[in-house]
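Here's a quick briefing for anyone opening this one up for the first time. Have a look at the sequence and the 3D view, then work through the notes below.

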Amino acid sequence: MHGEYKVPGGKLVVADVAVQQDILSQVSISGDFFLEPDSALTRINQALTGLPSSASHKTLTTAIQQALDDDVVMFGFSAEAVATVVRRALGHASSWLDHQFTLIPPVTLPAVEHVALDEVIANSVARGLRGPTLRFWDWDDSVVVIGCFQSVKNEIDMPAAKNADIKVVRRITGGGAMFMEPGNCITYSLTVPTSIVDGMSIEQSYQFLDAWVLAALAEVGINAHYKPLNDIASDQGKIGGAAQKRFASGVLVHHATLAYNIDANKMLQVLRIGREKLSDKGITSANKRVDPMRSQTGLTRAAIIDAFIQHFSKNYPTQTGQYLPQELGSAKTLVTEKYLSQEWLYKVQ
């Protein structure tokens, strides 16, 4: 069995392994990394040989670390990287290129239905009804989508939201509020097996799953970077944020919202956000539009989304698809039974 793993910002690590009776009977690690002394490579291989083929990422990592002396220098890779490539060889971990992605271009639906579709698409992927999916949102209503654990009273001025005809919806992922009016931001959801982030910390998984959009932003003229814990920032400040939900079924939803052209004054009438919270997000005045995507690219929102689609399709195995009829039906049911219910909205007062 053969596996490969390119360490983000580091080197390529390769694993060739053999298994007999569910035990790693032979392990050979190679790559363009640096390792001193070179005899440590033999110790790494020996540490892994004899372990169960079902060993967790943590078990593999610990075995390698315990086999190496303090004077061993690993440059361009790590024990964690070796564990990842071994699990890839065994089929427990996967890479972008191991999957055929379905890409769904923007479909205009009420924003709350897109919120529900995050849950529905995750279920479809878990049941094998569809493969990993990247889908772009589009909506024709105004809404604030709050994080799963946010307090309504602390985050939202409900009378102001009602007066402005802005709905409030709670989503299944954590993170902060999304102020969404038609055309004011770019939102997408990426639904993948958790095997693609096997062995990664939560922070590492955010950086990993945001990497493609950072590259796409570079192609439209924005020098963007990942900013812990879950932000996407440019040289001029924050342009977006991401959030995740991991399901027991082995599926992960990672979605992001990038500001295209937001009315900050209107946003602050509805959101109870202090200036301190805004101070690191590139907003210096409420009486302005927050338009990092528009001002830094000079492109229309549609053109940027198209550039994102083209970049993803060019770099990963991708087919264009659409929502299944049963998925749209399930989303509508969830909207009625869950996402528009007072119990769900006020699950955190």
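**A patch on the surface**

Phe 34, Val 73 and Phe 75 make a nonpolar surface patch of about 320 Å². What you're looking at is a predicted model, where local features need pLDDT of at least 70 and side-chain atom pairs count only at pLDDT 80 or more, while totals for chains, interfaces and linings use all residues. Residues are numbered from 1 along each chain as its sequence is written, and side-chain values use heavy atoms, with hydrogens and water left out.

- Patches are made of residues with over 30% relative accessible area and no salt bridge, joining like charges within 9 Å and nonpolar side chains (Val, Leu, Ile, Met, Phe, Trp, Tyr) within 5 Å.
- A salt bridge here is a side-chain nitrogen of Lys or Arg within 4 Å of a carboxyl oxygen of Asp or Glu.
- Accessible areas come from the Shrake-Rupley method with a 1.4 Å probe, and for residues only the protein chains shown count as cover.
- Val 73 sits in strand β5, residues 73-75 (strands are DSSP runs of E, at least two residues, and helices are runs of H or I, at least four, numbered from the N terminus).
- Val 73 counts as partly exposed because its relative accessibility is 47% (buried is under 20%, exposed is over 50%, and partly exposed is in between, with a 1.4 Å probe and protein chains only).

- Strand β1 (residues 2-6) runs antiparallel to β2, and 5 bridges join them (two strands pair if DSSP finds at least two bridges between them).
- Tyr 5 has Val 13 in β2 as its bridge partner.
- The hairpin of β1 and β2 has 5 residues between the strands, and Gly 9 there takes a positive phi near 75°.
- β2 and β3 are antiparallel too, pairing over 8 bridges, with Ala 18 opposite Gln 26 in β3.
- The β2 and β3 hairpin has 2 residues between its strands, and Gln 21 in the turn has a positive phi of about 50°.
- Is Gln 21 buried or exposed? Gln 21 counts as exposed because its relative accessible area is 79%.

**A three-stranded open sheet**

- The order is β9-β8-β10 in this open sheet of 3 strands, and the pairing is mixed.
- β9 (167-170) and β10 (178-180) are the edge strands, each pairing on one side only.
- Neighbouring strands of this sheet are turned by 20° against each other on average, direction ignored (axes are lines fitted to C-alpha atoms, for helices over the stretch in contact, and angles run from 0 to 180 degrees between N-to-C directions).
- Strand β8 (residues 143-146) and β9 run parallel, joined by 4 bridges, and Val 144 stands opposite Val 168 in β9.

**A buried spot in a helix**

- Ile 304 belongs to helix α11, residues 301-315, and counts as buried because its relative accessibility is 0%.
- Leaving out residues up to four places away in sequence, Ile 304 touches Ile 186, Tyr 260, Met 293, Thr 297 and Leu 299 (contact means heavy atoms within 4.5 Å).
- Ile 304 and Val 220 are 84 residues apart along the chain, and 7.2 Å separates their C-alpha atoms.

- The peptide bond from Glu 36 to Pro 37 is cis, with omega near -10°, and Pro 37 lies in the loop between β4 (34-36) and α1 (40-48).
- Another cis peptide bond goes from Pro 228 to Leu 229, with omega near 10°.
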